[in-house]
Structure formats: C-alpha cells, structure tokens
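Let's take a friendly walk through this model, one region at a time. Keep the structure open as you read, and follow along strand by strand.

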Amino acid sequence: ILYGLRRDFREILLFSSLDFKEDSLGKLQTVAVEQGLPIKWLYMGTASGIFVSYPGKGGYPPEYDPRKRPWYKEALAKKDVSWGAPYFDIQGQGIVLPCTHNLRGDQDKALGVVAFDVTLDFLVRELMNRTDSKREDVLEKCILDPEGCVLISSKQLKGNNQKAKLTDSALDLKPDA
C-alpha cells in the first residue's frame, strides 16, 4: 500500500513549486533537480513504526523510530493538517518546519502520520525576505502559531546549515529580547 503513494508524493513535491503551472511538469522536474523545490521531501510514519519517504533517502540510524519524532507525536494530537514545531533535520537540511496530518482508521484508531518539510532557508529567502517587503526598520520577521509562539524567525538563518544529531524533541524558539 505504501509503495502506491509514490506517484502522489511525486506530484505533491513537484507541484509545491512557486512557479507551478498545469502544463509545466517537465520544467518542474528540471527545477527540482537544478534549484530545488519548497518541499524537500514527503514522508510517512505508521503506527507500527514503518517509515517511508519520497524521494527515498538513506542514512537514518538503526534506532530511528518515526513514532518518537516530534512531527509524529505532535500530529497525533491534532485533527487537521497543521504546521509542527521546527527541528534540525538529521539529513543536513538545517532547520525544517513540518506540515503534518494524522491518519485515522475505524473508531478513530491512529494509523500513522503523513508529512512534508519546508526548510527555514526557503521560508526566509522566498517568503520572509521578499524585496517588496524589505524595510530597514524591521529587525526580525517571525511566523507565529495560533497562540502567538514563534515557529520560525528570520534571524535563525545564521548557522542553520549544521547537521543535527537524532533527538526526539523540537526546537524551543523564542524571539530576541
């Protein structure tokens, strides 16, 4: 069943392009290879601990269990698609912001979580630092959750390219005082 998701995952990845047009699939494949796309990869963790990602990638330590990851645990508590707390990606993408959705079966039984990551680099470069919104009197731009807590800050881009160790907690972000 999970193997059958590959086409859906591929389309979601390619169609995340900011320049998406219905007839541009060939162009999107070139953009994905040469420049990258907003969504770096899509993935799913099942309630039994199976993990799949698209595009496929290796390098996960043997102790990797998606059910212990912040994105998985947070999504189980939510009903709808939601942005999770940012964390350092163990594959070297720096800080990523996960978008998650829990999958439920009969009698609301948890089946797993499907998610994708957007990098902090992309958010800051393409969305938070657009030239039409640059102002010298703005020191920092933040994306807040519904409670007003900082999810992502433009100042976090410094030193964001580090490779992270496997940890089961998200980043605790606070704006500069």
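## Terms and ground rules

Two strands are said to pair if DSSP finds at least two bridges between them. Strands themselves are DSSP runs (E, at least two residues), and they are numbered from the N terminus.

This is a predicted model, in which local features need pLDDT of at least 70 and side-chain atom pairs count only at pLDDT 80 or more, while totals for chains, interfaces and linings use all residues. Residues are numbered from 1 along each chain as its sequence is written, and side-chain values use heavy atoms, with hydrogens and water left out.

Which strands pair with S5? Strand S6 (residues 110-119) runs antiparallel to S5 and is joined to it by 9 bridges. In that pairing, Asn102 stands opposite Val113 in S6.

## Two hairpins

S4 and S5 form a hairpin with 6 residues between them, and Gly92 in its turn has a positive phi of about 90°. S5 and S6 form a hairpin too, with 5 residues between the strands.

## Asn102 and its contacts

Back in strand S5, we find Asn102, which is buried with a relative accessible area of 5%. Its side chain reaches the backbone oxygen of Lys78 at 2.2 Å. A polar contact of 3.4 Å also joins the side chains of Asn102 and Arg104. (A polar contact is a pair of N or O atoms within 3.5 Å; within protein, one must be able to donate a hydrogen and the other to accept it, and residues adjacent in sequence count only if both atoms are side-chain atoms.)

## Salt bridges

How many salt bridges does a search of the whole structure find? It finds 2, a salt bridge being a side-chain nitrogen of Lys or Arg within 4 Å of a carboxyl oxygen of Asp or Glu.

Arg104 takes part in one of them, with Asp108 as its partner and the closest N and O atoms 3.8 Å apart. Arg104 is partly exposed, with a relative accessible area of 32%. Arg67 forms a salt bridge with Asp65, and here the closest N and O atoms are 2.8 Å apart. Arg67 is partly exposed at 34%, whereas Asp65 counts as buried at 16%.

## The second largest pocket

Rolling a probe the size of a water molecule over the atoms shows where empty space is left. On a 1 Å grid over the protein atoms alone, using a 1.4 Å probe, a pocket is an open set of points with protein on both sides within 12 Å along at least five of seven lines, and lining residues have an atom within 4 Å of a point. Grid points are joined across faces, edges and corners, and a volume is the space filled by probe spheres set on the points.

About 220 Å³ of space lies in the second largest pocket. Of the 14 residues that line this pocket, the closest to its centre are Trp83, Gly84, Asp145, Pro146 and Leu151. Strand S3 (82-83) and strand S7 (142-144) are the elements that give two or more residues to the lining. The lining divides into 8 nonpolar, 2 polar and 4 charged residues (Ala, Val, Leu, Ile, Met, Phe, Trp, Tyr, Cys and Pro count as nonpolar, Asp, Glu, Lys and Arg as charged, and the others, Gly among them, as polar).

Terms used: Helices (H or I, at least four residues) and strands (E, at least two) are DSSP runs, numbered from the N terminus. Buried means under 20% relative accessible area, exposed over 50%, partly exposed in between (1.4 Å probe, protein chains only).
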